[in-house]
Amino acid sequence: MLAAAVALCPIYAGGAPTKKRVEGFVHSAKTLEPVVGAAVLVKGTGRSAMTGADGRFLLENLERDACTLQIRCMSYKPLEAECRLTDEVTRLSIGMEEEALTLDEVVVKGAVRRSAEVGMVQSIRSMPQVASGMSGAQIAKGPDRVAAEVMRRISGVSIIDDRLIIVRGLSQRYNNAWINGLSAPSTETDSRAFPFDLVPSSQIDNLVVYKSPSPEIPADFSGGFVKITSKSVPDENLVEVSYQTGFNVSTAGRSFRINSGSATDVLGFDSKRALPDNFPQHFPKPDGDPDGVTRLSREGFNNDWRIKTITPLPDQRLSLTAAQRIALKDGRQAGVITAVSYSNTFSSIGGMTNARYGIYNAAADKPTPLDSYRDNRYSNDARLGALSCWSLALNPSHRLEFKNLLNILGRNRLTERTGVKDMSSPYYREQTEMQYTSRLTYNGQLAGTHDLTPAQALSWDAGYAYARKDEPDRRIVTNQAGMGSVSDAPPAVVGNDNVSRYFQNLHDNTVSAALSYKYDFGGEAAAGDSAGGLGILPVIKAGAYGEYHTRSYTPREFTYRYEKLDHAFRSNAYLLLPVEEMLSPEYLSADKVYVEELSIKTSAYAATVRHAAAYAAVDVPLGRFSIYAGVRVEHHATELSRDRSLAPAVTLLSARTTTDFDLLPSVNLTYRLSEAQQLRAAYGRSLNRPEVREMSPAVYFDFDLFSEIGGNENLKTASIHNFDLRYELYPNRGETVSFGVFYKRFANPIEWTFIDMGGTLRYCYENAKSARNFGVEVDVQKTLDFAGMPNFSLALNAALIESRVQLMAGEVVSEPDRPMQGQSPYVVNAGLYYRSPKYGLSASLLYNRIGKRIVGLGKFNSADNNDVNSHIPNTYEMPRNALDFSLSKAIGQALELRCSIKDIFSENVVYKQFPVFRRDDGAEHQREQITRRYNPGQHFSVGIRWKIR
């Protein structure tokens, strides 16, 4: 092996001495995995380097013609290599043999690089909590482009609506997310959740999902607490440029329909659709200000109603990263990394089945469709992301870091719908929804870590986060005609029965700060300083967290009124015009066709949230045992303000404040069965607080659900007791096998349900009485060298989950004993990875499947919950198999080619209901009916990456 390393050093051919450069790759001789954190020293000089997450190192400005390299790393045999240097770059590949000796306990202080797979496994192993995670290196192996896609690869995690996570069968509201150690803002207007589709995977250094409570993390979660860490300044200078193009088979080469947009749509935000700055807060009435109504109806709105038919371009994705490390005076080190990414993509779904059903018709044994449509949906997404991180190492004990993340996602979407709506009799209906949504998040954090003494460490974070969601001028055009029966074709479409426009915007600001202190008795130099003189060397931790959060939400709704037109002209001519002609200036006036505002002032709200927390914990090693126990105290106050007056000229402001004060204990136990095995047990109490939007009475019409979404100001905080037990095995570096069980008990769980408003539904949140959730998880990360495949590795995780909800006495609900909403009975993720440093090849094959889960709760339409014939059943998302493949080929040291196929099977996404009815003979029968079905299509992509170190 040493000879091979020397053989790879080209022989110097002579000439004047010049400054030279050595680039090297250090790997395990047995598994070929990169060796992370190996020290590479040039013997007899002060020059040294450390291998990074990919096992590579760089030595520059060497003035000798030959040198001796000394390579050392814990658990590997040290080695030396005599090497002659070329005039330019000398490249080495060095294999290290694992050390067979058993080491005594060694205390090492430093930061584990979680961006590397080995570092992530070691970090999870050393954590006191039950946790799962994924490194940046593992993320880079797959085709996942956003954090939402990455999250579904983690044990017990699944995704809903392509952006929200479900952990251990608990819906998005039971999970929490922080970015770089502080609270992450949310652009969700209708639920308590963080949208993971806003964070590009290229910005992520690592992410960890904590599954058991502990004192230093917020208590407002039960499924998973997600910590996303963005990329930091690397150990070496680099410039990296990547470009990727691709297409979806459902979209490429086909006609694509899209709304006419603004010039800035390509950057993810609108500059044309929004209401003008001078638009009145309250729209005038035609009998009070006819001139104002006429002027605003003609000039107050963007009147471009064009729908273009185009052939979409292939997807375009571009990113640029640059990093620089700077040596300052007095041994100080500074660094900066800047990354910018951009993408513009098209997607379309044709022939989507979209339906809503009432009570199953038991007498006729057939469904009762209330809405039955086929949708064609077209979307154009523009995404812009930027990352900037600055670091300053004052000395080895004091480090400052300033991180900034900005992400913008703009989506221009058109949905064209045809079908039947039952309004006491069937009506043929055509609808068009033109929607543009822009979401923006910014996170900025200034953080410091300080090793005060060998025993004491202090860290702090201060940050600001901002989220904005704009939905300017969502338009819904409806035309419909009566029909004799559902099977009859309508004689004619009456025309544009209704034209509505919706505007909403959300602004969310969060200022937060955190402080933590650690005292490690094991860091004391003298053994006599151990606690109590008993040889026990505990670690004591304490900290505080504060957050000030404001949110404002303003919706406005308008419709066009044309009853002042002559009835015959209106019915026989005007409503049959194309909508762009209907709304031309010649018709728009207070005495013909005019705009009327339907906004309800009570739907707008402003909220202020004040949150303060403190914790104290102790980590006590007792031989093979370690006990990490402590308590967290949280004070949470929410003030929700709104105008209760319905009259435009009257303001009746009111505020409602809810306050929680909670004492939240937790304990995490670890028992080391051997050097490679350990057993964990954990208990902790956590919470699930209502979000301000869920407590507000704001009402929003959801086109996909054909229904309204509202709030419930009487929601109560849910309380959860969490129990975990897990066995872990670490066969080799970077490998893990674990098996765990968990149990959770809820009081006042919050569930997504609906209220029958008579002809339509209003979805909202309600408290149930109690619930329980339990399951098992298995997680395997293993190289396949034992099977004669040293270049292959396997990642497999699976979870089996069951839950039950107990409802309030007398509540009219779907099932008296049912799973929690969003809970899948199983989740399976598998990944097969291949890596050949010799040929520069890497490949991955990734598989995902979730079990049937409730996505919409049903209800009994009578007070008798045993009458199945009055039952509107739950809606389930059905299982589907998702398989992704990616392949990359390195060409030299700087160039890499990549290709991928996402969703190879391209199975339909299907939502179903399973109505049960009882016949006169008492026998029960079950049927199934499809509420939604579509095919997302396969996605192919190719790309190139150019990297200069």
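Predicted model: local features only at pLDDT ≥ 70, side-chain atom pairs only at ≥ 80, totals over all residues.

Trainee: Which residue in β3 is the bridge partner of Ala-39?

Mentor: Start with the strands: β2 covers residues 39–42 and pairs with β3 in the antiparallel sense, over three bridges. For Ala-39, the bridge partner in β3 is Met-50.

Trainee: Which strands stand at the edges of that open sheet?

Mentor: The open sheet has four strands, antiparallel in pairing, in the order β3-β2-β5-β6. A strand with a single partner has one side left without a neighbour in the sheet, so the edges are β3 (48–50) and β6 (79–84).

Trainee: Which residue in β50 does Val-910 stand opposite?

Mentor: β50 (residues 929–934) is joined to β19 (residues 333–357) by two bridges, running antiparallel; there, Asn-354 has Arg-932 as its bridge partner. β50 also pairs with β47 (residues 909–913), antiparallel again, over five bridges. In that pairing, Val-910 stands opposite Arg-933.

Trainee: Which element gives the most to the lining of the second largest pocket?

Mentor: A pocket is an open set of points on a 1 Å grid over the protein atoms alone, where a 1.4 Å probe fits, with protein on both sides within 12 Å along at least five of seven lines; lining residues have an atom within 4 Å of a point. The volume here, the space filled by probe spheres set on the points, is about 960 Å³. Of the 43 lining residues, those closest to the centre include Thr-554, Pro-555 and Arg-556. Five residues come from the element that gives the most, β25.

Trainee: How many disulfides does the count come to?

Mentor: A disulfide is a covalent bond between the sulfur atoms of two cysteines. The cut-off used is a pair of cysteine sulfur atoms within 2.5 Å. By this rule the count is zero.

Trainee: Is Cys-764 buried or exposed?

Mentor: Buried means under 20% relative accessible area, exposed over 50%, and partly exposed in between, with a 1.4 Å probe and protein chains only. Cys-899, at 30%, is partly exposed. Cys-764 has 5% relative accessibility, so this cysteine counts as buried.

Notes
Residues numbered from 1 in each chain as written. Heavy atoms only, no water. Pairing = 2+ DSSP bridges.
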